[in-house]
Amino acid sequence: MLTRIVSLALLLLLSACSQKQQFTFEQPNDQIKASGEQFIAGVGIRDITPPPGIPRAGYALWSTTGEGFRTRLYARAYYMQGNNGQSYAMIQTDLMAGSRILLARVAELVNETTGLHAGNITITATHTHSSPGQFLGSEFYNKHASHKNGYDPQFAEFLAQQLADALIDAYTSRVPAKVASGKKAVWGLTRNRSIEPFSNNHNHQDVEQTNAAVFHEINPYMYMVRLDGLTADGSYQPMGAFMSFSIHGTSIPRWDPMFNGDLWSYFQGDLKHRIEREYPHSHNLVVGGFEGTHGDMAPAMPLKQSGYIWSKNVGSALAKEGWQLFRQLENKLSDKADIRVAARHVDIRDNPEINGTAICDEAAAGTTLTAGPYEHESPVLAWIPGFKQGSSRWFNTEGCHGNRLLVGGAWLQPLFEPKDSFPRDILFQLIQIGDLAIAPLPFELTAETGFRIQAAIEQSYTEKGEAVPDVMVTSLANGYTGYITTPEEYEVQYYEGGHTIYGRYSQPYVTQHLGLLSADLLEKNRVMELPQQWQFNLPVKQFVDSHTLAATPIRKTLTQPTYQLPEINQEAFWSFDWQDVPADHIQLHKPLLSIETSTDKIHWQPLQQNGLQVDDSGYDLSIQMLDEGNGSADYRAYWYNPVFNGKQVWYRFVVQPRGNDSVLYSAAFH
């Protein structure tokens, strides 16, 4: 009875009504370029940091509205054309997930220039839980990924334009290139947060559920594709790299109000800076990463010690591992690599069965989903029987949802969460680039789920008599459709099983699809099975109010710079407040804040630290909106981990122009 009462309260709390809008995208035709003598590649990057006011996504009901940023968010694009003429583009994003409606719009924007369409573009994500929501292609996750409901067309269009511009840059900057791919095992930086379900797998039942075992029973592999481009002097120099690794982007706590890239910012940033220091680079170097099979993989950091210090520790350690792999790939670089692409759209509600394996034809949310995962439990719910991890039913377990307890039950849940609100359209892809096969999927995959999908793809290559490539299985690509656990993991009903919305046979079902798609690709060399049109019917809401800019300057300093001593698990910082344009005009995706230094308070120059300018493209300058109203907003600038070079050295904040206002300088401080 308690479970039903709490379920009803949750459904009433989470259900919401708002105006719906239909979005329609015609599928443009892709074009196969004529095969050339050499592999061709290009890279591009755009800032996708949102304005204050967009809800942060990842922690669901316990998320917060973004008030500014600590580390910038980016979209990084990689265009590649193989020796056989087939083209493919990878767009990596510092978002919680890819999005099919975003993919459709990006394809629409880039098709005329690049010839690409949704089948040969993949949008991947780092799954940082400190990134914006409200851009996904399903009503359910626009409602439940964050604490607010609705698809924001204005913000989604901003994302689409930025991603498209990055990809067009990658296409227009393409040059003859060399490519290499590989993997390495990384230990000690991740742990299995759901060891009990993992040890229930038939091939892992000898696993001891100890503190040490959680560091062993993981997917340890970091995969990387390295691209070196031809320069004017005839040499090849690094132009880009993208990699996948299995680690949740949850090192920053849910109550933090700032957008940030989580540990991935340090992983990507440190690796990029290391490559730039060690190699000549005529090209604009672009380095990005995205999730592997991270569903049950958490950062190896002390429990309840989340924050920027540990985020940097883990992210920087991953960058060192990435550097080793980048160097190892040097001897594998080749200008000979074919590309093969397969894409197949499946409405899994209309087609719930493949080769005798069936999923539920209707999705549902389980009670253990609402309780949250091990290290980020939902208050109260995580302790209530029927909701806490491991809660399941012992009756009526024969159906496709098995022993999973459903929020509100099978009859009540659809009244508050219509079945059509759940995602149902899956874009299955398989891409081979040289000796690497990439399998992007729109789910959060557990490690063992990924291993089984990998094995099915490898088996297809073996049966066709082809050399078996490395197989990079990736999560959260081109959309978000909850989790997938193995049937054995599902039985234990932890958070991941409760969030496997299409039931206990989801993993065998998806594995069958990938096995079939890979077999078809090997037989035909190219598979493109997409509908002529994609439609989305979504509740919409604009989260950032529109304002008319004041005709006269409004900037002014509100406070003098002040210093805050570090507290436990916190960083020291300088801060100052100023008044500026409202949120919709502050343009956080453009450079805004930096630090200058002087010895006489007359002659100033940009501050550099470790060879890098101290500005808001790094890790330690942050901007937060404090209040908004009457055509202006109040902001606070932070400088974390500030340098100290003696009493005779002065510093000041520099705020770049916005609207009708010129550069603003804070008072000097030291």
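β28 and β34 (residues 632-640) pair in the antiparallel sense over eight bridges; two strands count as paired if DSSP finds at least two bridges between them. Helices (H or I, at least four residues) and strands (E, at least two) are DSSP runs, numbered from the N terminus. This is a predicted model: local features need pLDDT of at least 70, side-chain atom pairs count only at pLDDT 80 or more, and totals for chains, interfaces and linings use all residues. Residues are numbered from 1 along each chain as its sequence is written, and side-chain values use heavy atoms, with hydrogens and water left out.

- Eight of the eight residues of β28 (residues 573-580) are buried, so the strand is largely enclosed by the rest of the structure. Buried means under 20% relative accessible area, exposed over 50%, partly exposed in between (1.4 Å probe, protein chains only).
- Phe-573, Ser-575, Asp-577 and Gln-579 point one way from β28. Trp-574, Phe-576, Trp-578 and Asp-580 point the other way.
- In a regular strand the side chains alternate between the two faces of the sheet.
- Trp-578 stands opposite Tyr-635 in β34.
- Strand β27 (residues 562-564) joins β28 through three bridges, antiparallel. Tyr-563 has Trp-574 as its bridge partner in β28.
- Strand β26 (residues 556-557) joins β28 through two bridges, also antiparallel. Lys-556 stands opposite Gln-579.

**A four-strand open sheet**

- The order is β30-β29-β35-β36, with antiparallel pairing.
- β30 (605-606) and β36 (664-665) stand at the edges, each with a single partner strand, so one side of each has no neighbour in the sheet.
- Two bridges link β35 (residues 650-655) to β36 in the antiparallel sense. Val-654 has Tyr-665 as its bridge partner in β36.

**Helix α8**

- α8 (residues 308-328) has 21 residues and should span 30 Å at 1.5 Å a residue; its end C-alpha atoms are 30 Å apart, which agrees. The expected span is 1.5 Å times one less than the number of residues.
- Its buried residues include Tyr-308, Leu-318, Glu-321, Trp-323 and Phe-326.
- The buried residues of α8 pack against β9 (175-185), β11 (221-230), β12 (236-245), β13 (258-259) and α7 (263-278). Contact means heavy atoms within 4.5 Å.

**The largest pocket**

- The largest pocket has a volume of about 980 Å³. A pocket is an open set of points on a 1 Å grid over the protein atoms alone, where a 1.4 Å probe fits, with protein on both sides within 12 Å along at least five of seven lines. Grid points are joined across faces, edges and corners, and the volume is the space filled by probe spheres set on the points.
- The lining has 37 residues, of which Gly-269, His-273, Leu-612, Gly-618 and Tyr-619 lie nearest the pocket centre. Lining residues have an atom within 4 Å of a point.
- Elements giving two or more residues to this lining are β5 (74-81), α7, β14 (286-291), α8 and β32 (612-613).
- α7 gives the most, with ten residues.
- By class, the lining has 13 nonpolar, twelve polar and twelve charged residues. Ala, Val, Leu, Ile, Met, Phe, Trp, Tyr, Cys and Pro count as nonpolar, Asp, Glu, Lys and Arg as charged, and the others, Gly among them, as polar.

**Val-492**

- Val-492 lies in helix α12 (residues 487-492) and is buried, with a relative accessible area of 13%.
- Val-492 touches Glu-196, Pro-197, Asn-200 and Gly-390, not counting residues up to four places away in sequence.
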